[in-house]
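Dear colleague,

Please find the structure below. My notes on its contents follow.

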Amino acid sequence: AAAVVAAAATAGSVDLGYDVGQAARVITNLTGQVSGNLPSPRSSMGLATAGGKLYLFGGQGETGLLNDLYRFNPSINTWTLFNATEPPSPRLGHAMAASDDGAAVYVWGGIDTQGEFPLAVYRLDVGQMAW
(Lines give C-alpha, C1' and ligand atoms only; values in the text may rest on other atoms or scores of the structure.)
Protein backbone atom coordinates (compact mmCIF):
# COMPACT_ATOMS: atom_id res chain seq x y z
CA ALA A 1 0.00 0.00 0.00
CA ALA A 2 2.88 2.36 0.75
CA ALA A 3 4.19 1.82 -2.79
CA VAL A 4 0.77 2.67 -4.23
CA VAL A 5 0.60 5.88 -2.19
CA ALA A 6 4.19 6.82 -3.11
CA ALA A 7 3.57 6.20 -6.83
CA ALA A 8 0.36 8.24 -6.80
CA ALA A 9 2.00 11.08 -4.88
CA THR A 10 4.83 11.14 -7.43
CA ALA A 11 2.26 11.42 -10.23
CA GLY A 12 0.76 14.49 -8.54
CA SER A 13 -2.35 12.90 -7.02
CA VAL A 14 -3.20 11.01 -3.88
CA ASP A 15 -4.85 7.65 -4.45
CA LEU A 16 -4.85 5.24 -1.55
CA GLY A 17 -5.79 2.39 -3.88
CA TYR A 18 -9.04 1.59 -2.04
CA ASP A 19 -11.30 -0.71 -4.05
CA VAL A 20 -14.75 -1.32 -2.56
CA GLY A 21 -15.15 -4.63 -4.39
CA GLN A 22 -11.73 -5.83 -3.27
CA ALA A 23 -12.48 -4.82 0.32
CA ALA A 24 -15.69 -6.86 0.24
CA ARG A 25 -13.81 -9.89 -1.10
CA VAL A 26 -11.17 -9.55 1.62
CA ILE A 27 -13.83 -9.27 4.33
CA THR A 28 -15.64 -12.29 2.90
CA ASN A 29 -12.39 -14.27 2.85
CA LEU A 30 -11.56 -13.31 6.42
CA THR A 31 -15.03 -14.21 7.64
CA GLY A 32 -15.68 -17.35 5.63
CA GLN A 33 -18.21 -18.57 8.18
CA VAL A 34 -20.55 -15.62 7.62
CA SER A 35 -23.94 -16.49 6.16
CA GLY A 36 -27.09 -14.75 5.02
CA ASN A 37 -27.51 -11.86 2.58
CA LEU A 38 -24.16 -10.08 2.64
CA PRO A 39 -24.26 -6.36 1.79
CA SER A 40 -23.09 -5.44 -1.70
CA PRO A 41 -19.75 -3.61 -1.98
CA ARG A 42 -20.12 0.05 -0.94
CA SER A 43 -18.48 3.04 0.68
CA SER A 44 -19.68 5.95 2.82
CA MET A 45 -22.44 3.89 4.46
CA GLY A 46 -23.83 4.41 7.94
CA LEU A 47 -23.13 1.93 10.74
CA ALA A 48 -24.43 1.68 14.29
CA THR A 49 -24.59 -0.99 16.97
CA ALA A 50 -27.65 -1.67 19.10
CA GLY A 51 -28.51 -4.66 21.24
CA GLY A 52 -25.30 -6.46 20.31
CA LYS A 53 -26.03 -6.24 16.56
CA LEU A 54 -24.55 -4.10 13.79
CA TYR A 55 -26.87 -2.08 11.52
CA LEU A 56 -25.76 -0.89 8.08
CA PHE A 57 -27.72 1.60 5.98
CA GLY A 58 -27.16 2.99 2.49
CA GLY A 59 -23.92 4.32 1.08
CA GLN A 60 -22.37 4.54 -2.37
CA GLY A 61 -22.67 1.27 -4.26
CA GLU A 62 -21.19 0.28 -7.60
CA THR A 63 -24.31 1.55 -9.43
CA GLY A 64 -25.26 4.57 -7.33
CA LEU A 65 -26.57 5.59 -3.93
CA LEU A 66 -28.29 2.97 -1.80
CA ASN A 67 -30.99 2.96 0.87
CA ASP A 68 -30.94 -0.68 1.86
CA LEU A 69 -30.82 -1.87 5.47
CA TYR A 70 -28.82 -4.80 6.81
CA ARG A 71 -28.30 -6.24 10.28
CA PHE A 72 -25.35 -8.38 11.31
CA ASN A 73 -25.78 -10.72 14.25
CA PRO A 74 -22.28 -11.66 15.46
CA SER A 75 -23.55 -14.41 17.76
CA ILE A 76 -24.56 -16.45 14.70
CA ASN A 77 -22.37 -14.69 12.06
CA THR A 78 -25.38 -13.86 9.89
CA TRP A 79 -26.30 -10.85 7.75
CA THR A 80 -29.98 -10.12 7.15
CA LEU A 81 -31.40 -7.75 4.51
CA PHE A 82 -34.61 -5.98 5.57
CA ASN A 83 -37.19 -4.54 3.17
CA ALA A 84 -38.59 -2.03 5.63
CA THR A 85 -41.35 0.27 4.44
CA GLU A 86 -40.68 4.00 4.02
CA PRO A 87 -36.89 3.95 4.46
CA PRO A 88 -34.82 7.14 4.29
CA SER A 89 -33.90 8.25 0.77
CA PRO A 90 -30.73 6.79 -0.80
CA ARG A 91 -27.69 8.62 0.59
CA LEU A 92 -24.01 8.53 1.43
CA GLY A 93 -21.93 10.08 4.16
CA HIS A 94 -24.76 10.08 6.68
CA ALA A 95 -24.49 9.48 10.41
CA MET A 96 -26.04 6.67 12.43
CA ALA A 97 -26.38 6.25 16.17
CA ALA A 98 -28.29 4.03 18.56
CA SER A 99 -30.50 5.04 21.46
CA ASP A 100 -29.11 4.44 24.95
CA ASP A 101 -31.47 1.53 25.51
CA GLY A 102 -30.62 -0.07 22.12
CA ALA A 103 -34.27 -0.03 21.02
CA ALA A 104 -33.72 2.32 18.09
CA VAL A 105 -31.17 3.37 15.49
CA TYR A 106 -31.21 6.86 13.98
CA VAL A 107 -30.12 8.02 10.51
CA TRP A 108 -29.58 11.65 9.59
CA GLY A 109 -27.68 13.87 7.21
CA GLY A 110 -25.53 12.81 4.30
CA ILE A 111 -25.92 13.61 0.63
CA ASP A 112 -28.86 12.34 -1.43
CA THR A 113 -29.18 11.55 -5.14
CA GLN A 114 -29.87 15.24 -5.94
CA GLY A 115 -26.69 16.39 -4.19
CA GLU A 116 -28.81 17.84 -1.39
CA PHE A 117 -28.19 17.52 2.35
CA PRO A 118 -31.38 16.00 3.86
CA LEU A 119 -32.16 17.35 7.33
CA ALA A 120 -34.78 14.82 8.45
CA VAL A 121 -33.92 12.39 11.24
CA TYR A 122 -35.20 8.83 10.76
CA ARG A 123 -35.80 6.38 13.60
CA LEU A 124 -35.61 2.62 13.09
CA ASP A 125 -37.39 0.54 15.73
CA VAL A 126 -35.01 -2.42 15.91
CA GLY A 127 -37.58 -4.66 17.58
CA GLN A 128 -40.08 -4.19 14.74
CA MET A 129 -37.45 -3.40 12.07
CA ALA A 130 -39.67 -0.55 10.93
CA TRP A 131 -38.89 3.12 10.22
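Rings of Phe, Tyr and Trp (for Trp, the six-membered ring) pair if their centres lie within 6.5 Å; planes under 30 degrees apart count as stacked, over 60 as edge-to-face and the rest as tilted. This is a predicted model, in which local features need pLDDT of at least 70 and side-chain atom pairs count only at pLDDT 80 or more, while totals for chains, interfaces and linings use all residues. Residues are numbered from 1 along each chain as its sequence is written, and side-chain values use heavy atoms, with hydrogens and water left out.

Aromatic residues

One aromatic cluster is formed by Phe57, Tyr122 and Trp131. Four aromatic pairs are found in the whole structure. In one of them, the ring centres of Phe57 and Trp131 are 5.5 Å apart with the planes at 70°, so the pair is edge-to-face. Phe57 lies in strand β4 (residues 53-61) and Trp131 in the segment after β11 (121-125), so parts 74 residues apart in sequence are tied together; strands (E, at least two residues) are DSSP runs numbered from the N terminus. Phe57 is buried at 0% relative accessible area, whereas Trp131 is partly exposed at 22%; buried means under 20%, exposed over 50% and partly exposed in between (1.4 Å probe, protein chains only).

Salt bridge

The structure holds one salt bridge, defined as a side-chain nitrogen of Lys or Arg within 4 Å of a carboxyl oxygen of Asp or Glu. Asp68 and Arg42 form this bridge, with the closest N and O atoms 2.8 Å apart. Asp68 belongs to strand β5 (residues 64-73) and Arg42 to strand β2 (residues 42-43), 26 residues apart. Both Asp68 and Arg42 are buried.

Kind regards

Technical notes
Helices (H or I, at least four residues) and strands (E, at least two) are DSSP runs, numbered from the N terminus.
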